[in-house]
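Please open the model in the viewer and keep the selection tool at hand.

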Amino acid sequence: MPNGADTHCPYCALQCAMTLTPAASAAGAAPAPEAEPAKVDVPLEVSGRDFPTNRGGLCRKGWTSASLLRHNGRVTEPMLKGSDGVHQPISWDQALMLITTAVKDIQQQYGNDAVGVFGGGGLTNEKAYLLGKFARLALRTSRIDYNGRFCMSSAAAAGNRAFGVDRGLPFPVTDLDTASVILMLGSNVAETMPPFVQHLQGARDAGGLIVVDPRRSATAAFTGDGGGLHLQPTPGTDLALLLGISHVVVHEGLVDADYIEANTSGYAAVVRSLSAFWPERVQSITGVPATLIRETARRLAQGARDGGSYILSGRGVEQHVDGTDTATAAINLSLLLGLPGSARSGYGTLTGQGNGQGGREHGQKADQLPGYRKITDPAARAHVAGVWGIDESLIPGPGLPAVELLKSLGKPDGVRCLFVHGANVVVSAPDTNAVIQGLRSLDFLVVCDFFMSETATEADLVLPVTQWAEEEGTLTNLEGRVIRRRRALTPPPGVRSELWLMARLAELLDAPSTFSDDPETVFEELRLASAGGLADYSGIDYAMLDRGEAAYWPYPVGSTGTPRLFTEGFAHADGRAVMVPVTPSKRAVRSFADDSLALATGRLLEHYQSGAQTRRVSELLASQPQARLLIHPGTAASRGIADGDYATVTNERGEVLCRAELSNSVRPDTVFLPFHFPGQENANRLTEAATDPISGMPEFKTSRVWARKAVSTQEPASYTVPAGTRLPLHVKEAS
Amino acid sequence: MSERIVVVGFGPVAARLVEELLPAVRTGLVQLLVVGQEAEAAYNRVMVAELGVGRTTAEALAMADASELEAEGVEVRLGVKVKRIDRARQNIVLSDDSTEHYDRLVFATGSRPVIPNLTGLNPDPSRPVLPAGVTALRDLRDAAVLRSAVAEGKRVVVLGGGVLGLETALAASEEGAQATVVHNGPFPLGRSIDRGSGSVLINSLRAGGVRMAGNARSTGVETSGPGGSFSALLLDDGSAIDGDLLVLSCGVRPRIELAEGCGLPVATGILVDHHLRTYHEPHMFAIGDCAEVRCPDAACVDCRTAAGPPGLVGPGWRQAEWLAEYLAVLARDGQAAADALEALPKEKPGVVVLKARGINLAVAGDNQADPWDEELLEAGAASGRARRQISQWADPEHGRYVKMTTRGGVLEGLVAVGMPRTAAELVVLFERSSELPADRSLLLRLDGPDQLDAGATSNDPQRTVCRCAGVSAASIEDSVADGCSTVGEVSKATRAGTGCGGCHEDIKGIIEKHFQAAAA
């Protein structure tokens, strides 16, 4: 097989197109010896490829992605933890036997739901689909959920409630190019998906980029120099802010009345719920001046009449205990203005993980079957049972959403054996100290990864799996467009695909139905399983994707797909969007009396998710080697913290120790930590496992913390640099 | 057993109570009857002036819908008054002579405007019959009167320098009327602001087209307009202020006569304890403008300094939310469980943010002390309690003024004029009792132009030009020195400009600079 392929980036949901070609010097070469630390063995060369989403652009995460393929720290054999706590290689046969025995023993003793699965939004559609099937039919458990619960669940729940369907962007991303106004709600694309920024240029040129973020993020800074407006609400008050903007729309007669009449239900109740949120009152809640609230409403309305207005939401407003209601408030605002489904305007949410869209459609969720079907819907169960060739009664009922699933680890009636696929919960889940305790109380933990991630380190058994450039499959990008991932390189000998693993285990566990390890065969089955569902892929096949056709779901057989949703109405039975009145919950309005601060967690350009991958890329690590606490100079001064000092950030759940960076970009009542780092720098030690009652989304953005200058004058060591990472000299010396 | 709750009054606070009780109504836990005197269900009274100047619609002010509530199982009686309450039988008697039983009764009767004692006005507070061209701007009909005056660009005289009076005058002026505010004292808003902010505020109002008549004592109204309508407000110095419409904005008084009539203890408002219960009457509660939280316990510290009803809607809504939970628990789990609920937290002094387009004003707490006013600063600084401190910024030429009164770094009072971001931040800090930064000037700079992207183009060679690929200016300069002469070549050599492309101009600049230097 020739090495090299047209594929997409392994990281975020923008899924930038890239071409991988064999590196002239390194193709097929053995890993470089330790004696030559400067020479990094990169078997493939990455180049940007022209595609509507990225137009040839890549960020430095994408540019450096190939350096992980032959990284020295790569796990290339199944690794079993010995009684001494050290992982030792074993054969695949041994590994499969161990798993089979563990699953059977535990289920016999504690019941089927004592085995659980934790999936990831980075898995291909094929893997995500098969993982759901594997859990229900081979493991016979209801206990499956995934890290997308920490990511897209609130926006998804709000989208389903309002529109009857959840596709992150219901329009191609290039539609944004001509917009006059774009309202970005808690989304920092300049760091999280830099090539996306191209699509904001039109709005910036028109002075219409409006960014809501408590921090003057890189994206918020684009609003300077006439680019638009930056609204800096105090954390936890986004919902009130959106109600304030909507209030102005209603009271200043900016509502698109014809649109409301023709396309929505629930308008009057929403108007009544907005009455109490006049701009000056909202100013008192949010800290955003009333003038800016009015200005935002007017610009959105004007934009809808000019080149178009878009409202885009991100994790900043969604990762809250009232995240679903906040996303609903954003949707209500967009409906009042008549944006969704109109030719030049719209509402969308920016999906985060690489396959955060496809990964939330095909059965990885506790309450879901393929095609975005509900597992409680008898018709859906019957359909999927038919495709799987099994009796419907074999499909378990709904399981537990991610946070509850993790809370149940090792508990009576909880999960005692867990499979983790494409997730690093020790770093990325809320309240990680509790998560680690849960993992350590398990009888058996299996982690599939390509590195000894912090979660893999906890595992009894680590299984080496393929990386993106070593596998075939499909992903669904943030626009709902299905794209092809292609193999450019043969994986190392001991590495297997998760499809293979699930197929083998299914056989050993005497699972009904069939489990193929061939991606295209699995996709063919996914097509059938999704047919007639909300996320219908039945008209899509590998051949058309390989011809370069743009395939947006729903794509029923015989159709040409759906680049733009809602042009003919919404997905509810009556074709109308449902407007649901929402109001800030008492729980969401938090007191920060005394000297506590609101902790918001977020991302850096150089790192992706838990950093399990990007912290192993020397260039990225050199640029951002450690977590830094962003703190306002005034807030720092009153705590005796100087720029570069080590600071402790504490609350009742844990403590983080890291360097402080003084910056005017955060509000004085807020501190910011990136969540990409493990150990003592792990921001999620401080976050709370409280969740949104509708979506199960945890609260990531308003944890109450106290910041102090670190007592010890001795600089604590940063976390241990992952084995096999070759650091540039200056970083080695610094750490 | 299902409890029957009767809510007397259907204003914004009652609407919130009803809404919060809906889940209990749906499950049959409580039966709910709400009685409203006006023909309309609750609407946002706070915005009646906005309606009066044509900035919103009556539809948008609505806060409840009678037919939808009825569909949910709530009984709604509109356009009827409660005449009296028979506590012995737990009945209310309505103006149509029907009677209704209650297990629990909630007074949400609100307040009524104060009608000043002026010749030409009927002084009877319960049945004011105002001459044509005089309005207290309280309900939708009053708003319609103002609306037509504003639409015709008439002269509107506002009597009273309170928040609502200023808001009305400014909005009317901005929308085309000629507005005059008549107030006593040297500046409006009385003792809630200080002289500095008062002076700046007056100038700002004047700049907004409002005529300000201060230190004025009005004595009567002249009604020699068409059909005996208002023509002028008469002052005690013998002068008169001519106008076509007089808006009375002289404050409100709680509507307590119904409670008083059935023997409940009242002061300014209906007296209630920290559970919003009327004194010695377990079946009755009061919330909103008509309620005065002051418990019977003489030793209660919170109540020692309690003032009358705050007259703001925010505290009323919090009371409504709290009482809804209390009543639901009471109906479900009984008295002991309900009383075990945490009492309603004490309200902080109210924050006022002027609802206005042209002027930004926020005020809260006590603002009387000046930086060198030892007596006021030391007041209350006994037994280890810190003394008050004042930070102040005055720039009358540009209409800006801020005063922060703190104790132990926490705001006890604030007033900010003409500085929207500072005002917004201070209000949040006040509401949360958060400590201010030691350097108070940080808060004053929020409205400064330097807050936005200072020094975006520095000459530091280590500055990052391309954020997406993480390329410094020095690396780009090196690549240019090595022969790259176009953005494309630089991108190829360094990856700069290969992400979002936003730095292409910057790269071009570096290339041009290099070759200019070479040519020179």
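The pLDDT is the predictor's confidence in each residue, from 0 to 100. This is a predicted model, in which local features need pLDDT of at least 70, side-chain atom pairs count only at pLDDT 80 or more, and totals for chains, interfaces and linings use all residues. Residues are numbered from 1 along each chain as its sequence is written, and chains are lettered from A and ligands numbered from 1 in the order in which they are written.

First, select chain B. Its mean pLDDT is 91, and 97% of its residues reach 70 or more. Helices (DSSP runs of H or I, at least four residues) and strands (runs of E, at least two) are numbered from the N terminus. Among the elements of chain B, strand β7 (residues 104-107) has the highest mean pLDDT, 98, whereas helix α9 (residues 301-304) has the lowest, 79.

Next, display both chains. For the complex, the predictor gives an ipTM of 0.90 and a pTM of 0.92. The contact (C-beta atoms, placed from the backbone, within 7 Å) takes 43 residues from chain A and 41 residues from chain B. On the side of chain A that touches chain B, the elements supplying at least two residues each include α8 (238-251), α10 (267-274) and α11.

Finally, select α11 (residues 279-286) and α12 (residues 290-305) of chain A. Their axes, lines fitted to C-alpha atoms over the stretch in contact, come within 8 Å and cross at roughly 115 degrees; angles run from 0 to 180 degrees between N-to-C directions. A:Pro279, A:Glu280, A:Val282 and A:Gln283 of α11(A) meet A:Ala290, A:Ile293 and A:Arg294 of α12(A) in this contact.

How values were computed:
Two residues are in contact if their C-beta atoms, placed from the backbone, lie within 7 Å.
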